[in-house]
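This report describes selected features of one protein model. Please consult the sequence and structure shown below while reading.

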Amino acid sequence: MINAEIITIGDELLIGQVVDTNSAWMAEKLNEYGIGLYQITSVHDDRAHIIAALDEAFGRADIVLTTGGLGPTKDDITKNVLCEYFGTHLIEDARVRAHIAELYKDRPDILNKLTSTQWMVPECAKILENRVGSAPLMVFHKGKQMLASMPGVPYEMKIAMEEQILPYLESQIKDNKSKIIHKTLQVTGIAESTLAILLEDYERSMPQGLHLAYLPKDGIIRLRLSSYGELSETEIQHWFDELKRITVEYMIADTDEPLEVLIGHILTERGKTIATAESCTGGKLAALLNKHSGSSVFYKGSVVAYSNEVKENVLKVHRESLERYGAVSEQVVTQMACGAKKILNTDYAIATSGVAGPTGGTLEKPVGTVWIAWATPDNVYSECFHLGKLREQITDRACTKALVQILRILRNEK
């Protein structure tokens, strides 16, 4: 199997100022092309650090991908370091110069002495077009190994990868690449250790070349079955079907699609809509349901009713319910769900109300207590959960519980 490594370059990555989202996206794309990712390394804008990382990566990988350090300012040193590393020098590239002139033709203030450094490129590199930016995309060959250098700005990097780098790599490795296959199912309602015991015999009998990974998060465990070119699709599907059979009691999905996407598919197919009313989750549920393109078809909106005043005045929760039972109660959360469904004129609604902490808990309702309600065209369901002690953990788990149950409700209504 062909292996790749990613080197992300920039001080901002190592001081926590910028989160590296590029590598995860790149890893997924590389797998789709049959290229395995061996390691991801982040380094400072420092010559010695970059060179050491390149030496280490070329000691393990067939393909090295770098991002960052290609701007026109003094701290962007990647291009000069690559020149040194590959024993070459900078020359002017007329095509890059023409591209930059066209890119900034309506902004002449950008065409200055620093911008002019962008059309200077390493003589030995193959230069690919960066359609949306001024930094050239550079590919270097080192024997049978390759390095591709891209900008670190995520939207530039993604366009560069999809339009230029991946097609170029495909042309170079098409006769040697493997087919990497991942199949994922999602389970809930079982502890990771209990699940591992359930799957002991299954794992013992798995053939060589097949790998099972446990990926827990917020009450969902993803089970990923992977093969790196060693088994046929028919064999992998057989083992995946067996995995589903064993875990059927807990399985919520047999794909890696997010729960909100699965919910959206069902609602869209049926021409139905949903809304949310949130107290303790503070809009997190709304953010998930409208996260993906096309969500406006099925998701109408949310009322973030953090205060009792908003619960009463907007969602029409009865004041006596709030006074008698408190905001974190079955009575209040069911009224919130019904209120959101009516006000936003939807077929379904989800409501959350809880004690997210770290303060505010009582003996009767300790931190982590969350009530969730689901209003449907014909019924209202509710349930109380105890979801831990940490605020973010509680709200994330509450969102997962809310989505899992509405997905089950929708499937049961078929």
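## Helices α10 and α15

The axes of helix α10 (residues 259-270) and helix α15 come within 10 Å and cross at roughly 35°; axes are lines fitted to C-alpha atoms, for helices over the stretch in contact, and angles run from 0 to 180 degrees between N-to-C directions. The crossing is left-handed, meaning that the near helix is turned anticlockwise from the far one by less than a right angle. Helix α10 contributes Leu259, Glu260, Leu262, Ile263, Ile266, Leu267 and Arg270 to the contact, and α15 contributes Thr400, Leu403, Val404, Ile406, Leu407, Leu410 and Arg411 (contact: heavy atoms within 4.5 Å). Helices (H or I, at least four residues) and strands (E, at least two) are DSSP runs, numbered from the N terminus.

Among the residues of α10, Leu259, Glu260, Val261, Leu262, Ile263, Gly264, Ile266 and Leu267 are buried. Buried denotes under 20% relative accessible area, exposed over 50%, and partly exposed in between (1.4 Å probe, protein chains only). After α10 comes Gly271, with a positive phi near 70°.

## Basis of the model

The model is predicted: local features need pLDDT of at least 70, side-chain atom pairs count only at pLDDT 80 or more, and totals for chains, interfaces and linings use all residues. Residues are numbered from 1 along each chain as its sequence is written, and side-chain values use heavy atoms, with hydrogens and water left out.

## Nonpolar cores

The largest nonpolar core has 52 residues, of which Leu259, Ile274, Leu315, Ile350, Trp374 and Ile406 touch the most other members. Such a core is a set of buried Ala, Val, Leu, Ile, Met, Phe, Trp, Tyr and Cys residues joined through side-chain atoms within 4.5 Å. Helix α15 (residues 391-412) gives the most to this core, with 10 residues. A separate core of 27 residues includes Ile9, Ala57, Val96 and Ala135.

Beyond its neighbours within four places in sequence, Ile274 has contacts that include Leu267, Phe298, Tyr348, Ile350 and Ile406.

In helix α14, the buried residues are Val332, Val333, Thr334, Gln335, Met336, Ala337, Gly339 and Ala340. The buried residues of this helix pack against β13 (274-278), α12 (308-313), α13 (319-325), β15 (348-354), β16 (369-375) and β17. Asn345, which follows α14, has a positive phi near 55°.

Strand β17 (residues 380-386) contains Cys384, which is partly exposed at a relative accessible area of 29%. Leaving aside neighbours within four places in sequence, Cys384 is in contact with Thr369, Val370 and Trp371.
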